Amino acid sequence: PGYIPHKKTDICLMTHSDLDHANFTAWNQVIADLNLSYNIWDLQRYGGCHDAKSRVTWVGMSTHIIIPACNQKIIEMLDFPAVFLHLRTRESELGIYNDNSADGSGKR
């Protein structure tokens, strides 16, 4: 799935190559069960906060940013000035999760 530019959503789900299919599917199901709108930002495809080619960004477009299966490599990809800029907006949140198992056990 690709990012839909200029779409305001409840959640921006940040995906990456370390996020397995089961975990991705589980997050999609939770978001759907909560009836929340969302967009998907692929960190490898678009980069940490914006796509340099198209100048598209996630900053300010979603209330909640969720980064599942996060690790040091993913943290290093983030553009922290952009994250802080996003978090300055009213009612914005950032969730970082380092569990890559769909059942929450922490085991792969």
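**Notebook: sheet, salt bridge and surface patch**

I started with F84 and found it exposed, with a relative accessible area of 52%. The cut-off for exposed is over 50%, so F84 counts as exposed rather than partly exposed. The model I am reading is predicted.

**Entry 1: the surface around F84**

I looked up where F84 sits, and it lies in helix α4. I then asked which residues form the nonpolar patch on the surface. They are F80, F84, L87, L94 and I96, and together they have about 410 Å² of accessible area. I checked which elements supply at least two residues of this patch, and noted α4 (80-87) and β6. The largest share, three residues, comes from α4.

**Entry 2: the sheet**

β6 took me to the sheet. I noted an open sheet of four strands in the order β2-β1-β5-β6, with parallel pairing. Which strands are at the edges? I wrote down β2 (38-42) and β6 (93-96), since each pairs on one side only. Neighbouring strands of this sheet are turned by 20° against each other on average, with direction ignored.

As background, I reminded myself that strands of a sheet pair through backbone hydrogen bonds, either parallel or antiparallel.

**Entry 3: the pairs, one at a time**

I went along the sheet from β2. Strand β1 (residues 9-15) is joined to β2 by five bridges, and the two run parallel. Within this pair, L13 has I40 in β2 as its bridge partner.

On to β5: four bridges join it to β1, again in parallel. Here I found C12 opposite I65 in β5.

The last pair I looked up was β5 with β6, which is parallel over four bridges. I66 has G95 in β6 as its bridge partner.

**Entry 4: a helix on the sheet**

Helix α1 (residues 21-33) lies across β1, β2 and β5 (62-67). I noted its direction too: α1 runs at about 175° to β1.

**Entry 5: the salt bridge**

How many salt bridges are there? I counted one. The side chains of D18 and K73 meet in it, at 3.2 Å from N to O. The pair links distant parts of the chain, with the two residues 55 residues apart. D18 is in the loop between β1 and α1, and K73 is in helix α3 (residues 72-77).

Definitions and conventions:
Residues numbered from 1 in each chain as written. Predicted model: local features only at pLDDT ≥ 70, side-chain atom pairs only at ≥ 80, totals over all residues. Heavy atoms only, no water. Pairing = 2+ DSSP bridges. Axes fitted to C-alpha atoms, helices over the stretch in contact; angles between N-to-C directions. Contact = heavy atoms within 4.5 Å. Salt bridge = Lys/Arg side-chain N within 4 Å of Asp/Glu carboxyl O. Patch = residues over 30% accessible without salt bridge, like charges linked within 9 Å, V, L, I, M, F, W, Y side chains within 5 Å. Areas by Shrake-Rupley, 256 points an atom, 1.4 Å probe, with all protein chains shown as cover. Buried < 20%, exposed > 50% of the residue type's maximum accessible area, 1.4 Å probe, protein only.
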